[in-house]
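Good morning, colleagues. Please look at the structure as I go through it.

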Amino acid sequence: MQAHADTYFQQLLDGRPLAEPEAESVFATLLAGGLDESRIAAMLAAIASRGPTVDELVGAARAMRRFATPVAIPATSLPVLDTCGTGGAPKLFNVSTLGAIVTAAAARGQVLVAKHGNRSRTGRGSAEVLEALGVNIHASPEVQAKCLREIGVCFSYAPDHHPAARHAAAVRKKLGFPTIFNLLGPLVNPAGATCQLVGTYSKENAAKLAAAIARLGTRRSMVVTSEDGLDELTTTAPNVVHLIEEGRVTTSSLDAVSLGLRRTTIAELRADSLDAAVAIARAVLEGVPGPALEMVLLNAAASMHAAGVVADVRAGLVMARGAVASRESERTLARFVEITASA
């Protein structure tokens, strides 16, 4: 394996992308601790300089999946949904995290939401906000499975499930720019998500991720980006949507205004601190009207559509609104806190 890694390492330095099996091999070597920091830095920088290929994303994802600590999904035929995105856009509040909770509340018994996430360089990512809301983000895989059984949603904290990625952690921090690892999060859900709503900040990333998901296999997934560079389905601009089903990718546009939602601005959706992000989260789950609530409803609706719970996003909006209005979303968070606190 080390000999192959040396060959592939040189290939990257020569500016030649890796084929899928080559990428899987060299990333497996990295995850096993077989590359020193200088080689990891050079490899990640070489890939970042031109952007990872679909082959490299798929190969690296396959390696990371092999090294992951899994979540045991309850015996069920229900779709397993993840709302993990790539980050990297102007920081709003935690749309995908709240969307996961609202989806679980609205579609209880129809989908299991295994939310994969991490801390953020901004200090207000999904992990920080859930922790501030009282959720134990370090709950064991067994407790996460209990959450799925009882409330239909769990949180899988990425470092706990991908401990082998620690071999690249110090290098990534020193490099100070996004690497292929920033795009791998949505591809390595430890619960083996069969459906996804993936948000990313660029059209190029969205197309690559959609192609990678199609190759890795999915029941039905959506990869989305907005025309103004947000990594969620947004009400601030039209959105580009890649739908992946049966190995095929179809691309369309979606404008929230056509669904009766109000056009808003990024400034109205921004959370400038962890306290602000937590306050917005509580207000959304309480059903306080405003642009933040509409953004979450839109993403929850799309999540249900991706999971096949509803025929279209419009129908998903009805279910999402009902879950918030009935306070079921709020109760779901409260139970989430209770179950994980006992871990």
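Let me begin with a term: a residue is called buried when its relative accessible area is under 20%. The model on the screen is a predicted one. Cys 147 has a relative accessible area of 1%, and therefore counts as buried.

Which residues have the most contacts inside the largest nonpolar core? They are Phe 93 and Phe 336, in a core of 76 residues. Helix α14, which spans residues 291–306, supplies the largest share of this core, with 11 residues. Apart from this core lies another, of 43 residues, including Leu 31, Leu 57 and Ala 206.

Let me return to Phe 336. Leaving aside residues up to four places away in sequence, Phe 336 touches Leu 130, Val 135, Cys 147, Ile 151, Val 153, Cys 154 and Phe 155.

Helix α14 also holds a serine, Ser 303. Ser 303 is buried, because its relative accessible area is 1%, under the 20% limit. With residues up to four places away in sequence again set aside, Ser 303 touches Leu 81, Thr 83, Thr 103 and Leu 197.

How many disulfides does a search of the whole structure find? The search finds zero. Cys 84 is in no disulfide, and the nearest cysteine sulfur, that of Cys 154, is 12 Å away.

Terms used
Residues numbered from 1 in each chain as written. Predicted model: local features only at pLDDT ≥ 70, side-chain atom pairs only at ≥ 80, totals over all residues. Heavy atoms only, no water. Core = buried A, V, L, I, M, F, W, Y, C linked by side-chain atoms within 4.5 Å. Buried < 20%, exposed > 50% of the residue type's maximum accessible area, 1.4 Å probe, protein only. Helix = DSSP H or I, 4+ residues; strand = E, 2+ residues; numbered from the N terminus. Contact = heavy atoms within 4.5 Å. Disulfide = S-S within 2.5 Å.
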